[in-house]
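Colleague: Could you walk me through how this one is packed? I have the sequence and the coordinates open.

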Amino acid sequence: MGESREEEAVSREDMRAEWRAIVEAGEAVPGSGLAALSARMRATGNWPEDLRSAPVIIDTDIGGDADDALAVVAAARSLPRLALVLTSDETGPAVGYGERARFARYLLDLTGRTDVAVASGVSLGDTRYYCADGLVPDELPRQPADVVAAVRAVCAAVPGPVQWVGMGPLSNLALVLEAAPELAPRLHVTQMGGALNYRDPSRAEHNFRLDVPSVHKVFEAVGTGLLPTPYFVTSEVTFTSEMEVTAEHPVYGALAAPGAPAWAGLLVAHMRQWFARFHPGTIQHDALTLSAALQLPFVDFDKMPVALDGIGRTTRADTGVPVWLSLSAHYPAFMRWLSQRLDPAWEPSEAGA
């Protein structure tokens with residue numbers, strides 16, 4: 001006699017199929033009690049995809065505030081499924097287009113991740129936030145500049161979902177949504193940006209205000225159901241001294257220690273430029289966003305309708321687009337996780353994400 005259904009282990013795929021069957025059955029009989037149940041199930045969000053093996057795309061304005069570079073190294077050292085790094089707010093005429101991508105390529109190469117593709121993304125003109133001057137060898141070539149082709153290649157390599165971790169303005173994401181809308185349903189976006197209570201009420205959060213039209217395009221795609229509901233790690237949650245790395249911080253000390261590998265020395269040189277030109281510390285906005293994308297237990301979210309105004313400010317409004325917004329974070333636990341992955345003495349084979 002075969003095993004009964006009750007004796008079988010129920011997989012996540014089984015549960016996802018059951019969820020979809022109930023929802024679709026309710027939608028087929030409008031006005032029924034089953035339809036009401038289906039609507040409630042839809043309202044709480046789709047059954048979560050299993051993202052543990054999904055390739056990861058990082059979209060970053062690396063080379064400015066050093067938190068981007070620290071996040072990219074943390075991903076490179078602990079995520080075999082990191083597939084692509086795109087650069088946003090690319091350098092403009094004064095520095096030359098594509099310097100962020102060259103910096104990303106060099107940093108990835110030093111960490112041993114020559115397998116990770118890099119593509120230069122959208123430039124928003126000259127940017128004052130570039131602190132990697134003279135750090136990349138002249139002989140390192142420019143990187144490919146076709147964002148859509150790079151994303152298509154990642155999506156073509158595997159079936160199923162793809163994770164998009166946004167650490168800069170939303171320009172590249174908006175470009176992909178416009179040029180390759182068929183890829184949108186596969187993209188699971190976790191984005192650093194937005195704020196319900198930004199510290200300067202007269203303007204939008206930094207990543208949103210850099211390219212407001214692109215933010216509107218992304219919200220429109222979410223509102224129409226083209227793009228799965230994204231997660232936003234907001235400025236209220238990320239802007240805290242509890243995640244700040246200074247020249248006195250243990251993370252900096254480990255990277256600057258004698259005998260540290262070349263990638264660590266590059267991070268130190270980059271941080272020194274940031275400290276000298278802008279601020280004596282770097283807050284880890286982007287690594288926290290990475291941890292949220294990896295579904296680590298550091299950031300708490302709630303789903304709420306959010307409206308976007310003409311200059312990119314976000315407010316909670318019943319008529320807005322439902323998205324996931326961060327509410328709080330567990331900073332000490334997060335910093336222990338990040339510190340481990342940035343410690344040159346840590347062996348990446350010891351743990352996964």
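Modeller: Let me begin with a helix pair: helix 5 (residues 147-157) and helix 6 pack at an angle of about 75°, with their axes 10 Å apart, and that makes helix 5 roughly perpendicular to helix 6. Axes here are lines fitted to C-alpha atoms, for helices over the stretch in contact, with angles running from 0 to 180 degrees between N-to-C directions. Angles under 35 degrees count as roughly parallel, over 145 as roughly antiparallel, 65 to 115 as roughly perpendicular and the rest as oblique. Helices (H or I, at least four residues) and strands (E, at least two) are DSSP runs, numbered from the N terminus.

Colleague: Before we go on, what kind of model is this, and how are the residues numbered?

Modeller: This is a predicted model, in which local features need pLDDT of at least 70 and side-chain atom pairs count only at pLDDT 80 or more, while totals for chains, interfaces and linings use all residues. Residues are numbered from 1 along each chain as its sequence is written, and side-chain values use heavy atoms, with hydrogens and water left out.

Colleague: Back to that pair, which residues in helix 5 and helix 6 meet?

Modeller: From helix 5, Val147, Val148, Val151 and Arg152 meet Asn172, Leu175, Val176 and Ala179 in helix 6, where contact means heavy atoms within 4.5 Å. By class, the contact of helix 5 with helix 6 has 6 nonpolar, 1 polar and 1 charged residues; Ala, Val, Leu, Ile, Met, Phe, Trp, Tyr, Cys and Pro count as nonpolar, Asp, Glu, Lys and Arg as charged, and the others, Gly among them, as polar.

Colleague: And at what angle do helix 6 and helix 8 pack?

Modeller: Helix 6 (residues 171-179) and helix 8 (residues 212-223) pack at about 50°, their axes being 8 Å apart, and that makes helix 6 oblique to helix 8. The crossing of helix 6 and helix 8 is left-handed, meaning that the near helix is turned anticlockwise from the far one by less than a right angle, whereas clockwise would be right-handed. Ser171, Leu173, Ala174, Leu177 and Glu178 in helix 6 meet Ser214, Lys217, Val218 and Ala221 in helix 8, and by class this contact has 5 nonpolar, 2 polar and 2 charged residues.

Colleague: Is Ser171 buried or exposed?

Modeller: Ser171, found in helix 6, is buried, with a relative accessible area of 4%; buried means under 20% relative accessible area, exposed over 50%, and partly exposed in between (1.4 Å probe, protein chains only). Not counting residues up to four places away in sequence, Ser171 touches Val122, Leu124, Asp211 and Ser214. Ser171 and Ser123 are 48 residues apart in sequence and 8.6 Å apart in space, C-alpha to C-alpha.

Colleague: Switching topic, how many residues are in the largest nonpolar core?

Modeller: The largest nonpolar core has 62 residues, and those with the most contacts inside it are Ile58, Leu82, Phe103, Leu255, Leu288 and Phe334. Such a core is a set of buried Ala, Val, Leu, Ile, Met, Phe, Trp, Tyr and Cys residues joined through side-chain atoms within 4.5 Å. Apart from it lies another core, of 37 residues, among them Ile57, Ala174, Leu227 and Leu308.

Colleague: What does Phe103 touch?

Modeller: Phe103 lies in helix 4 and counts as buried at 0% relative accessibility. Leaving aside neighbours within four places in sequence, Phe103 is in contact with residues including Ile62, Ala69, Tyr130, Leu266 and His270.

Colleague: How do the axes of helix 3 and helix 11 cross?

Modeller: They come within 10 Å and cross at roughly 165°, and that makes helix 3 roughly antiparallel to helix 11. The crossing of helix 3 and helix 11 is left-handed, and Ala69, Leu70, Val73 and Arg77 in helix 3 meet Trp263, Leu267, His270 and Met271 in helix 11.
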